[in-house]
Amino acid sequence: MHKTGLYYGSLAIVLAANLGYHLVSRSIPVGGNQFLGIAGAYLLASVLCFLAGVLTRKGPLLKEWKETPLHYLLFGLFVPGLEAGFILMYHNGWQVSQGALVADILTSTLLAVVGVALFHDRLAGINWVGILLCFAGVIMVAL
Amino acid sequence: MFMHYFALALVLAAGLGYHMVSRGVPDGGNRFIGVGMAYVVGFIICIICFLFTKQGSLAQEWQAISWHYFLIGIMVPGVEVGFIAMYHSGWQVSKAALTADVLVTSLLVLIGMLVFGEHLSLINLAGVLCCFAGVILLER
């Protein structure tokens, strides 16, 4: 597949937002109800997304709304676990330099296996060596 | 110590489900409206969890909430929309998350040491380099 500007542009968006996300998560004080805090974050995030949706729409809003796949609703089931989990990690002794690396590399290496098994992604031998190196690296980081 | 690893397990389980759903989202409709809908569901789930874990009135608990959470509300749409755009622009599920995450966490290692004064041993730093090398091989 031809790698367009969006191919790397989308990676840059994830990098910038993810970096900010972990730095803020690491700085959250222990006090207060974590679920209420995350609920407030999601309320703000949903308002921002709906505003962006209005600004980027290509047709009538109702039509775009109906065309948007319901798969997105499934996201809502998983994202609170991610947010609550990372904040809990940082509140329970994980350093920002280790917590994100261990969690993300473990998730990603498991995903690589899932991608091959369920989504028929193709990985070459050298890609598998890369996955093993990542796995070894995580163990060394967590030591 | 239990919470130390329970928190990691929670992130792993949610992360796996999250990326599998991301990969399966059809490329139609408005991405922002879709992610906005997801956050409404996430908001409802968090409010339900809050009702089970609250120790005071809503007003008291609200006042105790750090403003940092609202910064997270600004960051998370970028992560979600970015990952979905990655999958729609040709990234494979086996490579996208690993590439993005290793790049982010490598930068976090540097920031953790420089800004938060965190200490990493030589073997930890060797592990970071090992992860970096792994991502390069994965992208070949």
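Chain A has six helices and zero strands. Reading along the sequence, the pattern is simply α-α-α-α-α-α. This is a predicted model, and the values below are computed from it.

How spread out is chain A? Its radius of gyration comes to 18 Å, while the globule rule gives 15 Å for 143 residues, so chain A is more spread out than a compact globule. Taken along the principal axes, its C-alpha atoms fill a box of roughly 50 × 50 × 25 Å. Of the 143 residues in chain A, 51% are buried. Among the contacts between residues at least 6 apart in sequence, 67% join residues at least 24 apart.

Chain B can be described in the same terms. Here, too, there are six helices and zero strands, and from the N terminus on the elements run α-α-α-α-α-α. The radius of gyration of chain B is 18 Å, well over the 14 Å from the globule rule for 140 residues, so this chain is also more spread out than a compact globule. The C-alpha trace of chain B spans about 50 × 45 × 25 Å along its principal axes. Buried residues account for 52% of the 140 residues in chain B. As for contacts in chain B with a separation of 6 or more, 66% come from residues 24 or more positions apart.

Now for the helices themselves. Two packed helices are described by the angle between their axes and the distance between the axes. Within chain A, take helix H5 (residues 96-118) and helix H6 (residues 125-142): their axes come within 9 Å and cross at roughly 155°. An angle over 145 degrees counts as roughly antiparallel, so H5(A) is roughly antiparallel to H6(A). The crossing of this pair is left-handed. On the H5(A) side, the residues making the contact include A:Leu101, A:Ile105, A:Thr109 and A:Val116, and on the H6(A) side they include A:Trp128, A:Ile131, A:Phe135 and A:Val138. Sorted by class, the H5(A)–H6(A) contact has 14 nonpolar, three polar and no charged residues.

A second pair joins one chain to the other. Helix H4 (residues 71-91) of chain A packs with helix H1 (residues 2-24) of chain B at an angle of about 155°, and the axes are 8 Å apart. That angle makes H4(A) roughly antiparallel to H1(B). H4(A) passes H1(B) in a left-handed crossing. Which classes of residue make up the contact of H4(A) with H1(B)? There are 18 nonpolar and seven polar residues, with no charged ones.

Note on methods:
Residues are numbered from 1 along each chain as its sequence is written. Chains are lettered from A and ligands numbered from 1 in the order in which they are written. This is a predicted model: local features need pLDDT of at least 70, side-chain atom pairs count only at pLDDT 80 or more; totals for chains, interfaces and linings use all residues. Side-chain values use heavy atoms; hydrogens and water are left out. Axes are lines fitted to C-alpha atoms, for helices over the stretch in contact, and angles run from 0 to 180 degrees between N-to-C directions. Helices (H or I, at least four residues) and strands (E, at least two) are DSSP runs, numbered from the N terminus. Angles under 35 degrees count as roughly parallel, over 145 as roughly antiparallel, 65 to 115 as roughly perpendicular and the rest as oblique. A crossing is left-handed if the near helix is turned anticlockwise from the far one by less than a right angle, and right-handed if clockwise. Ala, Val, Leu, Ile, Met, Phe, Trp, Tyr, Cys and Pro count as nonpolar, Asp, Glu, Lys and Arg as charged, and the others, Gly among them, as polar. The radius of gyration is taken over C-alpha atoms; the globule rule is 2.2 Å times the number of residues to the power 0.38. Buried means under 20% relative accessible area, exposed over 50%, partly exposed in between (1.4 Å probe, protein chains only). Contact means heavy atoms within 4.5 Å.
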